[in-house]
Amino acid sequence: MSMLELHGVCAGYGGFRALNDISMAVEVGESVAVIGANGAGKTTLLRVISGMLPAAAGRLSMEGQDLRTLPAHKVLSTGIAHVPENRHLFPRLTVEQNLRLGAFLPSARARFPERLDYVYGLFPRLKERRLQFAGTMSGGEQQMCAIGRALMSGPKLILLDEPSTGLAPVVVQQVFELVRKIRDDGYTVLIVEQNVTQVLAVVDRAYLLSVGRVEMSGRSADLLASEAVQKTYLGL
Amino acid sequence: MKLNPAYAVGLAALVALPFAIRAVFPGSEKYYLHIVIQMLLWAQIYTGWALMGRFGLTSLGHGAFTGIGAYVTVMLWNFAGLTPLIGIPVAIVVAVALALLIGYPSFLQRIRGHYFALLTLAMVEFVRLCIVGLRDFTGGSLGTQPARYGDGISFYAVQFEADRMIAYFVALAVWLAGILVWVRVDRSMDRFALEALGQDEEAAAAVGINVTREKLKITALSAAMCAFGGAIFAQYQMYIGPDTIAGFGVSLNIVFGAVAGGIGVMLGPTIGALFTQLLSEGLRMFFQGSVTLNAMFGSRVLSLDTLIYGVLLVLFIIHMPRGIVGTAMEYWRKHKRGS
Amino acid sequence: MTCSLDIFFLEAVLNGILLAGLLALLSLGLNLVFGVVDVVWICYAELVMIGMYAIFFAYSTLDLPLPLAMLIGITFTALLGVALHMIVIRPLLDAAPINQLLATGGVLFLLQAAATLAFGIEFRNIGVHLGSASLGDMFFSWGRIITFSVALATMLGLRYFLRHSYLGLAILALSQDRHVMPLMGADSRRLYAATSALGGGLAGLGAALMVLQFDIYPQIGLQFGPLIFMVCVLGGLGNMLGGFVAALVIAQFITIGSSCFATEWGYAIAFLFFILMMFIRPQGLLGARS
């Protein structure tokens with residue numbers, strides 16, 4: 001049994017179907033990327049997994065537990081933490097207050113100091129800015145804070161939605177290093193990205209999404225070498 | 001303007017109504033006429049409010065305009081001997097001036113939604129407090145009466161309360177004037193501009209609509225109508241009190257009456273007035289007549305109708321936000337399409 | 001009374017500061033709900049009125065000790081706050097703001113009528129007189145002094161709760177980004193209910209202080225309700241410090257105006273000031289211009 005399993009998942013907004021018959025699996029300890037063009041349904045996929053958008057059909061489970069019957073706020077307690085697109089930090093709360101909210105689950109509260117130390121160890125910058133309003137930080141710092149907030153709950157699986165959006169190239173590189181780091185620390189990672197080359201360099205496997213369907217999947221090196229990816233996304 | 005045959009029949013029925021009432025209820029015609037007259041007068045005021053309310057300008061302050069209409073007219077008559085024939089226009093001018101004084105800066109500052117509602121609430125409280133504060137003239141919170149002229153029937157003094165038949169036709173004319181104003185606005189270019197800005201002010205401004213000007217025009221018109229209605233109401237009641245014709249409570253009644261009927265359609269506010277008056281009169285009669293309830297609550301039984309009124313308002317806004325007429329029309333349209 | 005810089009004037013100023021405590025406390029709950037749920041409870045003052053009656057009933061009719069009666073009043077209004085949210089606000093969360101406001105207006109009529117039905121329109125008083133403290137030639141009622149102290153303590157307490165407890169932080173967070181709350185594992189519906197309970201409870205606390213100073217009657221909400229809205233808006237939405245400053249300013253207008261002219265004029269000047277401030281600083285006294 002895989003950690004996260006999707007079978008024939010469909011979802012959409014109103015009459016528009018953004019995801020069609022998606023099946024995929026994420027194993028414990030893996031890092032997996034979902035790549036694809038704008039509008040391919042990548043963000044929708046993550047929203048369906050974390051319960052923000054109900055699936056219209058199909059099966060979804062985390063460690064064997066059915067996710068479709070869970071309300072959105074219960075998904076986190078199955079071990080899935082979602083770092084949403086555009087970060088969605090609480091702008092007029094301090095960095096540390098944001099992190100504290102990441103540990104809102106009663107089970108996470110008890111281990112707050114310990115997890116805070118871990119996050120501050122990962123991101124020394126956040127410790128320096130712990131009393132600053134999250135909304136006043138740079139894009140890169142905000143992304144760190146958003147990832148740190150997700151780590152505070154002590155999740156098993158982290159969903160990252162386009163963490164490199166709007167960041168300077170140097171910072172983008174740091175973010176991808178970080179993805180490798182947290183995977184090495186034992187977290188399972190599912191990341192959605194448009195920066196295809198860079199993300200494929202740090203993940204184990206990847207799925208290529210196109211107009212709401214899985215077009216291709218495999219080891220990242222294979223995908224990188226494939227004609228479809230090279231043509232469409234790398235312009236080679 | 002071509003008259004729709006349905007409207008012609010309705011109008012004829014309204015003209016015939018008082019005679020019918022006299023024929024059917026020979027002993028108690030005064031009471032029934034009184035209810036109908038109040039209905040018409042409030043209907044005109046509700047229509048005046050809905051004139052701007054339908055475009056997203058929700059004022060909780062129209063009690064200020066009815067209050068000014070009533071008090072300025074009566075004060076000029078009582079203390080300066082000025083006939084309401086002049087006094088009412090003066091009162092309207094004062095109300096419009098206040099509307100512009102409050103409206104212009106708030107539209108310029110783009111005060112909308114909650115903030116506009118609360119700002120107008122402050123305005124009506126200010127006016128009410130001024131009325132109470134000027135108690136040497138206004139009688140303070142106890143209210144006062146217009147000085148009676150002769151036998152209470154006079155064109156010069158605009159007094160007509162003593163003869164309910166005359167009063168009915170005065171009220172009918174006032175209401176009809178309100179409806180005509182509504183129709184004029186409804187058929188004007190301003191309506192499209194106002195509808196556009198009611199939905200998206202920035203977009204409306206971008207296509208060249210002078211947002212502030214359009215809002216001011218409709219606000220002034222709405223204030224004028226409510227001041228006129230307030231003045232006539234005072235002349236009919238022959239009593240004015242800060243809590244019956246001015247103030248926050250009156251404002252809320254105006255808003256709710258209009259919303260209950262439906263603010264997007266011509267007869268919505270009128271049906272709202274019909275509904276609220278019938279409801280409160282009906283409940284009052286029912287509760288006064290009920291021996292059990294009277295035994296339970298004594299004279300306090302009268303507040304039961306307000307209680308039910310409050311519950312109904314909540315239900316209305318949750319389940320029929322378009323009001324009685326709006327919902328009925330929507331249902332009718334769907335039904336027609338379905339068959 | 002003439003208006004000059006004498007001891008009466010100083011007394012008026014100090015009494016204004018004490019009155020500000022009450023206004024600030026009363027605006028606290030409304031501000032919280034306004035800021036978090038983004039809904040104006042037009043019937044907020046009526047919740048306070050119901051709280052006053054609940055305390056009156058528990059103390060004068062059931063003969064319970066006053067602190068217990070006050071606790072009952074606070075609990076009752078907290079429950080009313082939750083009920084108001086679940087029954088009236090929740091179905092309207094995505095409706096036009098003005099419909100939410102009007103629906104709570106319906107509740108205003110309902111609560112007033114319910115109070116009249118249960119207690120009649122007579123003025124009631126719990127008959128507790130705390131006397132006055134004297135400072136030189138000036139006199140200040142203990143009721144006001146207690147109210148001011150409790151208001152200050154409540155404000156600081158609420159501030160601490162919102163910044164340092166998980167629930168409080170979640171409520172603050174909810175006001176900034178309601179859509180992301182499920183990702184924190186927080187149920188927005190329960191947070192809204194908790195906020196409403198807190199808002200209602202603060203109305204009850206206001207009621208507990210008001211019964212020490214004022215008579216109780218069904219229309220009392222219409223008397224001070226508009227004032228509370230003014231304080232809230234003038235202070236800037238959700239800005240508690242701003243609310244306190246606004247309460248101070250408004251209360252000064254009222255007490256000085258009242259001691260120079262008549263009571264109504266004090267209030268009228270305060271409303272006029274509010275209207276003018278809305279035009280000059282629509283974002284509130286302390287708000288930054290966006």
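**View 1. Helix α9 of chain C spans residues 240-260.** This helix has 21 residues and reaches 30 Å from its first C-alpha to its last, close to the 30 Å expected at 1.5 Å a residue; the expected span is 1.5 Å times one less than the number of residues. Helices are DSSP runs of H or I of at least four residues, strands are runs of E of at least two, and both are numbered from the N terminus. Because 15 of the 21 residues of α9(C) are buried, the helix is largely enclosed by the rest of the structure. Buried means under 20% relative accessible area (1.4 Å probe, protein chains only). The model is predicted, and local features need pLDDT of at least 70. Residues are numbered from 1 along each chain as its sequence is written.

View 2. Residues 68-89 of chain C are 100% helix, with end C-alpha atoms 30 Å apart. Residues 224-250 of chain C are 85% helix and 0% strand, and their end C-alpha atoms lie 12 Å apart.

**View 3. Chain A holds an open sheet of 4 strands.** The order is β2-β1-β4-β5, with antiparallel pairing; two strands pair if DSSP finds at least two bridges between them. β2 (16-26) and β5 (65-66) of chain A stand at the edges with a single partner strand each, so one side of each has no neighbour in the sheet. Strand β4 (residues 57-62) of chain A pairs with β5(A) over 2 bridges, and D66(A) in β5(A) is the bridge partner of S61(A).

Definitions and conventions. Chains lettered and ligands numbered in written order. Predicted model: local features only at pLDDT ≥ 70, side-chain atom pairs only at ≥ 80, totals over all residues. Heavy atoms only, no water. Buried < 20%, exposed > 50% of the residue type's maximum accessible area, 1.4 Å probe, protein only.
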